[in-house]
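Please read these notes alongside the model.

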Amino acid sequence: MRKLGLVVGLLMLVERVWKHWMVARFFRRPIPDAKRDLALVSILQPVLSGDPTMSACLERSLQLQSRYALELIWLADADDVEGQRICRELIARYPKRDVQLIALPPPGEGQNPKTIKLIAGAKVARGDVICVLDDDTMLPDYGLECCLPFLDQTGVGLAFGLPYYVNFADMWSSMVSSFVNSNSLLTYIPYTTLTQPFTINGMFYAMRREVLAQVGGFEAIERVFADDFAVAWLLRSHGYRLAQTPLRHGISTTVRGPRHYLSLIQRWFVLPRESLLRHLGWYDRAIIYGLGLVPALFPLLLLVSLFLRPSRRKLGYALLYFGYSFSIFARLNARYLRNATPWTKAWWVPVVQVVFPVQLLIALLSPQRINWRGNIVQVERGGGFRYIRSRASAVQ
């Protein structure tokens with residue numbers, strides 16, 4: 001038993017070293033040269049009010065610097081009065097920017113509310129490239145130049161970026177941001193050295209207009225709730241590759257207390273469980289379990305073992321493991337994430353490293369019902385869904 005523990009402990013340290021090495025190697029790769037000029041890039045932003053930082057995130061889109069000509073298409077709900085007000089005020093503040101605001105009726109039963117907006121936006125978009133950008137996501141200046149050239153590589157149909165969180169306004173927001181910033185690069189990058197990317201980060205991605213048309217447009221996925229996986233599956237089913245690019249984009253999410261926090265974490269894990277995992281082959285599933293699930297559970301198991309059968313050797317190993325994990329976070333935060341996690345909040349990192357496995361187990365055993373910005377949704381096996389209660393009916 002002791003030998004087994006030593007082997008597992010060694011493997012978990014090797015896992016940390018290997019993932020850190022893969023991230024560093026990924027960012028040393030040069031950005032490919034663009035082979036085609038782009039006359040215009042269309043950025044579709046579905047808008048839904050509720051987060052107090054949404055206005056600042058949308059304004060960042062208006063301030064975005066790029067060598068590409070840009071048009072912004074903001075897609076709001078017809079009954080979202082607050083969201084439309086925010087959009088109109090920002091448009092008036094930046095009269096020289098190319099922006100359209102489109103108000104849409106509520107989606108029908110079984111229609112993804114975000115995808116319905118993307119369908120409408122794609123119909124009016126004039127760009128050579130269609131970008132999808134969430135309303136809580138902020139692109140860095142000249143970030144598109146780090147991403148769009150990947151669309152010129154052979155076989156690539158979609159390019160996407162790497163998220164990190166910037167909202168540390170309160171305890172719950174800090175916990176979410178610390179969790180994402182300490183895991184994002186180590187989760188999304190290393191597995192792509194073992195297999196082609198099989199899903200994307202839906203906060204931002206880009207496709208050429210002709211590719212989107214060839215795969216059937218967003219209409220082909222309007223009845224799947226996990227739109228990020230659905231887009232990835234759609235492109236792959238038509239023989240296209242997904243390109244993970246070095247573009248890093250900030251996200252601002254205000255987490256309003258413990259209920260919102262638990263709802264957010266549950267949504268992050270229920271959706272992949274019911275969509276992504278049910279469509280992958282054994283090899284890709286093995287990668288998820290081996291590189292994702294087991295390392296995620298290990299910190300909690302380590303502390304439980306130390307508590308039940310304490311020893312100096314275990315204590316020394318725990319200090320080594322958590323210390324090395326924190327040093328990796330500190331280096332990645334400074335070198336690749338623009339110090340998004342302030343040092344005054346960095347103590348949350350080891351905390352969420354232990355709390356996260358508990359949340360993961362709860363989410364994996366939870367019902368398939370999630371709360372998405374006020375919409376109570378029952379997620380079906382395979383990725384379909386039905387409304388339990390819509391946001392509009394809750395307001396009335």
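Is Cys 147 buried or exposed?

1. Cys 147 is buried, because its relative accessibility is 0%. Here buried means under 20% relative accessible area and exposed over 50%, with partly exposed in between (1.4 Å probe, protein chains only). Cys 87 also has 0% relative accessibility and counts as buried.

2. This is a predicted model: local features need pLDDT of at least 70, side-chain atom pairs count only at pLDDT 80 or more, and totals for chains, interfaces and linings use all residues. Residues are numbered from 1 along each chain as its sequence is written, and side-chain values use heavy atoms, without hydrogens or water.

3. The disulfide count is 0. The criterion is a pair of cysteine sulfur atoms within 2.5 Å. Cys 147 is in no disulfide. Its nearest cysteine sulfur belongs to Cys 131 and lies 6.9 Å away.

4. Helix 3 spans residues 81-93, which is 13 residues. Helices here are DSSP runs of H or I with at least four residues, strands are E runs of at least two, and both are numbered from the N terminus. From first C-alpha to last, helix 3 reaches 19 Å, close to the expected 18 Å. That expectation is 1.5 Å times one less than the number of residues.

5. Which residues of helix 3 are buried? They are Gly 83, Gln 84, Ile 86, Cys 87 and Leu 90. Viewed down the axis of helix 3, they fall within an arc of 160 degrees, so they line one face of the helix. The arc is taken over directions from the helix axis to the C-beta atoms. Val 81 and Ala 92 are exposed on the other side of helix 3.

6. The buried residues of helix 3 pack against helix 2 (54-63), strand 2 (70-77) and strand 3 (99-104). Contact means heavy atoms within 4.5 Å.

7. Gly 9 sits in helix 1 (residues 2-28). At 7% relative accessibility, Gly 9 is buried. Gly 9 and Tyr 321 are 312 residues apart in sequence, yet their C-alpha atoms are 8.7 Å apart.

8. Now the whole chain. The protein chain has 12 helices and 11 strands. Of its 396 residues, 56% count as buried. Among contacts between residues at least 6 apart in sequence, 80% join residues at least 24 apart. The protein chain exposes about 18,300 Å², and carbon and sulfur atoms supply 60% of that. Accessible areas use the Shrake-Rupley method with a 1.4 Å probe; for residues, only the protein chains shown count as cover.
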